[in-house]
Amino acid sequence: MIQLLKTTALNGHDPFGLRECLRAVNSKRPVNLDLSTIHFPLPALTSIAHRITGVILFVGLIFGFWALDASLSSPEGFESVRSALAHNVLVKLIAWGLLSALGFHFVAGIKHLLMDTGYGVDLEGGNRKAQITVVISAVLVVLAGVWVW
Amino acid sequence: MVTNITNLGRSGLSDWLIQRVSAVVLALYALFVVAYLLFHPNLDYATWSGLFAQTWMRIFSLLAFISMAAHAWVGLWTVSTDYLKHTGVRFGFQAVVILAIFVFLVWGVQVLWGA
């Protein structure tokens, strides 16, 4: 039956577009299954990083509210937050990580708002703004580290 | 038209606007707090608690917390509907997020006006 359909399709009567399907299936097109050679364009990477940093910041709210609560509760609470930020390496790492996430999310968000106004919404502009986002947030990540340490 | 019963504004356009307005509020609040801490390197408890005793700072903070709640919900709703295809898993995730947002809001109010 299938053979019959194939034969008739190849011979001219092809109501279902079978000839096109056969050609696609049997063609010797190059197939790239090496995922290490496939990479996302930069705007796609900054977009997913915007989402990841957003999730990180949401989880980080626990530390933010904890620090705010403790620092405002009493002079002793304020001192415990201050000394933890000044001496505890783990606390410093968390603070640096959250500030870095905030910096990137902030810059990528500004980029979003710029694009909403219609500024630079083309392939070249998209690439350039993604590059600028990476550079500025990299600077902010370093500055945040300098601030924390 | 596709209607969705779990997104914040019940319309994509409404969510779009809420996300941007809340983003501007959060950006201003983040800038203010970071700048305040940078300009007060030897901050003490009296100055810090004095800032949060001001009515305008409490209003600004509560506005930021409410913006955070809306912003986080629109963002995490978008992420969860994009990546969590199983309805039960997605619903569970969204329930946890709503509970967390609610806890953060109540916690924030308590910190601002607390005991």
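Where does UniProt place the feature "transmembrane region" in chain B? The entry, which is unreviewed, puts it at residues 21-39, 59-79 and 91-113 of chain B. UniProt positions follow the numbering used here, feature names are shortened, and annotations may be inferred rather than shown by experiment.

Hello everyone, and a quick word on ground rules. This is a predicted model, where local features need pLDDT of at least 70 and side-chain atom pairs count only at pLDDT 80 or more, while totals for chains, interfaces and linings use all residues. Residues are numbered from 1 along each chain as its sequence is written, chains are lettered from A and ligands numbered from 1 in the order in which they are written, and side-chain values use heavy atoms, with hydrogens and water left out.

Let's stay with those spans for a moment. Residues 59-79 of chain B are 100% helix and 0% strand, and their end C-alpha atoms lie 30 Å apart. For residues 91-113 of chain B, the end C-alpha atoms are 33 Å apart, and again the span is 100% helix and 0% strand. When I say helix, I mean a DSSP run of H or I with at least four residues; a strand is a run of E with at least two, and both are numbered from the N terminus.

His71(B) sits in helix 3 of chain B, which covers residues 55-83. Is it buried or exposed? His71(B) counts as buried, because its relative accessibility is 16%. The cut-offs are under 20% relative accessible area for buried, over 50% for exposed, and partly exposed in between, using a 1.4 Å probe and protein chains only.

Which residues does His71(B) touch? Leaving out residues up to four places away in sequence, they are His105(A), Gln19(B), Ser22(B), Ala23(B) and Leu26(B). Contact here means heavy atoms within 4.5 Å.

In total, 31 residues of chain B are in contact with 24 residues of chain A. The two chains bury about 2400 Å² between them, 80% of it on carbon and sulfur atoms. Buried area is the accessible area, with a 1.4 Å probe, that two parts lose on being put together, summed over both. Tyr45(B), Phe104(B) and Trp107(B) supply 26% of the area that chain B buries against chain A, more than any other three residues.

How many residue pairs are in polar contact across this interface? The rule finds six, with both residues at pLDDT 80 or more. A polar contact is a pair of N or O atoms within 3.5 Å; within protein, one must be able to donate a hydrogen and the other to accept it, and residues adjacent in sequence count only if both atoms are side-chain atoms. On chain B, helix 1 (12-39), helix 2 (45-53), helix 3 and helix 4 (87-113) each supply at least two residues of the side that touches chain A. By class, that side of chain B has 24 nonpolar, four polar and three charged residues. Nonpolar covers Ala, Val, Leu, Ile, Met, Phe, Trp, Tyr, Cys and Pro; charged covers Asp, Glu, Lys and Arg; the others, Gly among them, are polar.

Salt bridges come next. A salt bridge is a side-chain nitrogen of Lys or Arg within 4 Å of a carboxyl oxygen of Asp or Glu. The count over all chains is four, and two salt bridges cross the interface of chain B and chain A. One of them pairs Asp116(A) with Arg20(B), at 2.3 Å from N to O. Asp116(A) is partly exposed at 33% relative accessibility, whereas Arg20(B) is buried at 16%.

Within chain A, Arg82(A) forms a salt bridge with Glu79(A), with the closest N and O atoms 2.8 Å apart. Both lie in helix 4 (residues 75-87) of chain A, three residues apart, about one turn of the helix. Arg128(A) and Glu124(A) also meet in a salt bridge, at 2.7 Å. About one helical turn separates Arg128(A) and Glu124(A), because they are four residues apart in helix 6 (residues 123-148) of chain A. Glu124(A) is exposed at 56% relative accessibility, while Arg128(A) is partly exposed at 43%.

Finally, chain A as a whole has six helices and zero strands. Of its 149 residues, 26% are buried.
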